[in-house]
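Biologist: Please show me the structure. Then we can go through some questions.

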Amino acid sequence: MKTMLKKIMPVAVFALGITGAFVTTSMQSASTDAAPQLGYILDANNECSDVEVTCSDIPKQVCRQNVTSGPQAFAKDEDGNCNQVTYRP
């Protein structure tokens with residue numbers, strides 16, 4: 001029984017290591033697939049200002065100018081209006 005365990009254990013450890021490497025690689029590539037999205041701060045007339053903020057389109061917390069504080073950043077739609085909610089990268 002011990003000799004069989006001594007022969008199987010290295011193979012099992014090797015297989016577990018390879019599996020862990022593939023899982024880690026796939027998790028890293030999944031998190032970098034999202035392209036950054038530009039968000040814009042609204043001015044006093046509720047129109048897009050020139051202030052650009054790097055945001056994301058993956059739903060999390062709302063994107064703001066100063067990460068967790070400041071005015072909310074919105075993405076432009078097809079007509080150029082800032083009315084699409086953006087999220088923190």
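Modeller: Cys 82 counts as buried, at 12% relative accessibility. Buried means under 20% relative accessible area, exposed over 50%, and partly exposed in between, with a 1.4 Å probe and protein chains only. This is a predicted model: local features need pLDDT of at least 70, side-chain atom pairs count only at pLDDT 80 or more, and totals for chains, interfaces and linings use all residues. Residues are numbered from 1 along each chain as its sequence is written, and side-chain values use heavy atoms, with hydrogens and water left out.

Biologist: Which residue does a disulfide join to Cys 82?

Modeller: A disulfide is a pair of cysteine sulfur atoms within 2.5 Å. Here the S to S distance is 1.6 Å, and the partner of Cys 82 is Cys 48.

Biologist: Is the disulfide of Cys 48 and Cys 82 right-handed or left-handed?

Modeller: Look at the torsion about the S-S bond of Cys 48 and Cys 82. The angle is about 125°, so the disulfide is right-handed.

Biologist: Is Cys 63 buried or exposed?

Modeller: A disulfide joins Cys 63 to Cys 55, S to S 2.0 Å. Cys 55 counts as buried at 0% relative accessibility. The relative accessible area of Cys 63 is 2%, so Cys 63 is buried.

Biologist: What pattern do the disulfides of the chain follow?

Modeller: A search of the whole structure finds 2 disulfides. Count the bonded cysteines along the chain, and the pattern is 1-4, 2-3.

Biologist: What is the phi of Asn 46?

Modeller: Asn 46 counts as exposed, at 60% relative accessibility. Asn 46 is not a glycine, yet its phi is positive, at about 55°.
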